[in-house]
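Take a look at the fold below. The text then moves from one residue out to the whole chain.

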Amino acid sequence: MNNKLYDILKYIAQIVLPALGTLYFALASIWNLPYGEEIIGTITAIDVFLGALLQISSNQYNKQIEGPLTDGEPLEEAEEEQEEE
């Protein structure tokens, strides 16, 4: 996944879906809109699933950056240690 797509999906997961769920919850209560719990539950389930996928992607990206040559240290620290040797 490229950075732009990741950033867009992260924005949707952190801002758009929670805001949409809250908006529908409020309007459903005020205007007696149908299927309030079902719609909010669906939005929440999609948001949690998207968040899990983004976390998996982030973990894979971080493993690529750290890589086997750095012994699990952040890349910058590993480079500094190599320069000191």
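Leu20 is partly exposed, with a relative accessible area of 40%; buried means under 20%, exposed over 50%, and partly exposed in between, with a 1.4 Å probe and protein chains only. This is a predicted model: local features need pLDDT of at least 70, side-chain atom pairs count only at pLDDT 80 or more, and totals for chains, interfaces and linings use all residues. Residues are numbered from 1 along each chain as its sequence is written, and side-chain values use heavy atoms, leaving out hydrogens and water.

Leu20 lies in helix α1, residues 3-31. Helices are DSSP runs of H or I, at least four residues, numbered from the N terminus; strands are E runs of at least two. Ile43 touches Leu20, along with Leu17 and Gly21, not counting residues up to four places away in sequence. Contact means heavy atoms within 4.5 Å.

Helix α2 covers residues 36-66. At 1.5 Å a residue, its 31 residues should span 45 Å, and the end C-alpha atoms are 45 Å apart, which agrees. The expected span is 1.5 Å times one less than the number of residues. The buried residues of α2 include Ile40, Ile43, Leu50 and Leu54. The buried residues of α2 pack against α1.

Which residues make up the largest nonpolar core? Tyr6, Ala13, Leu17, Ile43, Leu50 and Leu54 do. α1 and α2 each supply at least two residues of this core. Such a core joins buried Ala, Val, Leu, Ile, Met, Phe, Trp, Tyr and Cys through side-chain atoms within 4.5 Å.

The chain has 3 helices and 0 strands. Of its 85 residues, 19% count as buried.
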